[in-house]
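I opened this notebook page to record what I looked up in one structure. The entries follow the order in which I went through it.

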Amino acid sequence: VRKAPLLEAQQNVVLPTPLAPSGHWRVLTSREDFKDSRGQLWSWDVGYEGGETGRSWNGIEGTKDPELFQFERFGKDFRYTLPVPPGKYRVRLKFSENAVRKKGERVFDIYFNGKKTLENFDIFQQAGGFGKALEKEFAGVEPNGQGMIEIGFKASVGDAKVDALEIVRE
């Protein structure tokens, strides 16, 4: 039996294109780009590892841009890793509870570069109910040693989730 050389076997492997560093990221957990009511462009879902995506068609209270809160990436343990130039950044995470109907049914932690930043987060409880827009903002976030901001989501009850994320240089 003749085996093909290793080099030939690797010719068909498609490697993901690395993302270029950017001083701002706006990522919507959908399959296409989106322009919000302020004219800001949100890219389709990039930089993630793990989780699954979904969409709710429910109305969302408290926002001019319900589309930013209808898509979601969810799972027990997933992350976004986005390259940025050196500096400090403001991270905004967008959430709306579009599945769980009472507090305590979805609880998770959020990590920045491996450090727990938000513990026992319950969207339903913090937003004050179902289908309500909620944004969490974190200032002074710095990239790790590889020039990345990694945002991790780890569930303790149900699935963790995020609808959209924004990283902007301070």
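**Pocket lining**

I first sorted the residues that line the largest pocket and found 6 nonpolar, 2 polar and 2 charged. For this sorting, Ala, Val, Leu, Ile, Met, Phe, Trp, Tyr, Cys and Pro count as nonpolar, Asp, Glu, Lys and Arg as charged, and the others, Gly among them, as polar. I noted the lining as Leu 19, His 24, Trp 25, Arg 26, Asp 33, Leu 41, Trp 42, Ser 43, Trp 44 and Val 46. A pocket here is an open set of points, on a 1 Å grid over the protein atoms alone, where a 1.4 Å probe fits, with protein on both sides within 12 Å along at least five of seven lines; lining residues have an atom within 4 Å of a point. I read its volume as about 170 Å³, the volume being the space filled by probe spheres set on the points, which are joined across faces, edges and corners.

Strands (E, at least two residues) and helices (H or I, at least four) are DSSP runs numbered from the N terminus.

**Basis of the model**

I recorded that the model is predicted, that local features need pLDDT of at least 70 and side-chain atom pairs 80 or more, and that totals for chains, interfaces and linings use all residues. Residues are numbered from 1 along each chain as its sequence is written, and side-chain values use heavy atoms, with hydrogens and water left out.

I looked up the confidence next: the mean pLDDT of the protein chain (the predictor's confidence in each residue, from 0 to 100) is 91, and 90% of its residues reach 70 or more. Over residues 1-15 the pLDDT is below 50, and this stretch has 0 contacts (heavy atoms within 4.5 Å) beyond near neighbours in sequence.

**Whole chain**

I counted 3 helices and 14 strands in the protein chain. Of its 170 residues, 42% count as buried, meaning under 20% relative accessible area with a 1.4 Å probe and protein chains only; exposed is over 50%, and partly exposed lies in between. Among contacts with a separation of 6 or more, 71% join residues 24 or more positions apart.

I traced an open sheet of 5 strands in the order 4-7-12-9-10, with antiparallel pairing. Its edge strands, strand 4 (48-49) and strand 10 (115-121), each pair on one side only. Two strands pair if DSSP finds at least two bridges between them. Strand 9 (residues 107-112) and strand 12 (residues 148-157) pair over 6 bridges, and I found Tyr 111 opposite Gly 152 of strand 12.

Where does Asn 113 lie? I placed Asn 113 in the loop between strand 9 and strand 10. Asn 113 has a positive phi of about 50° although it is not a glycine, and is partly exposed at 27% relative accessible area.

Asn 120, in strand 10, also has a positive phi, near 55°. I listed Asn 120 as partly exposed, at 48% relative accessibility.

Is Lys 115 buried or exposed? Lys 115, in strand 10, is exposed, with a relative accessible area of 62%. I noted 9.0 Å between the C-alpha atoms of Lys 115 and Gly 152, which are 37 residues apart along the chain.
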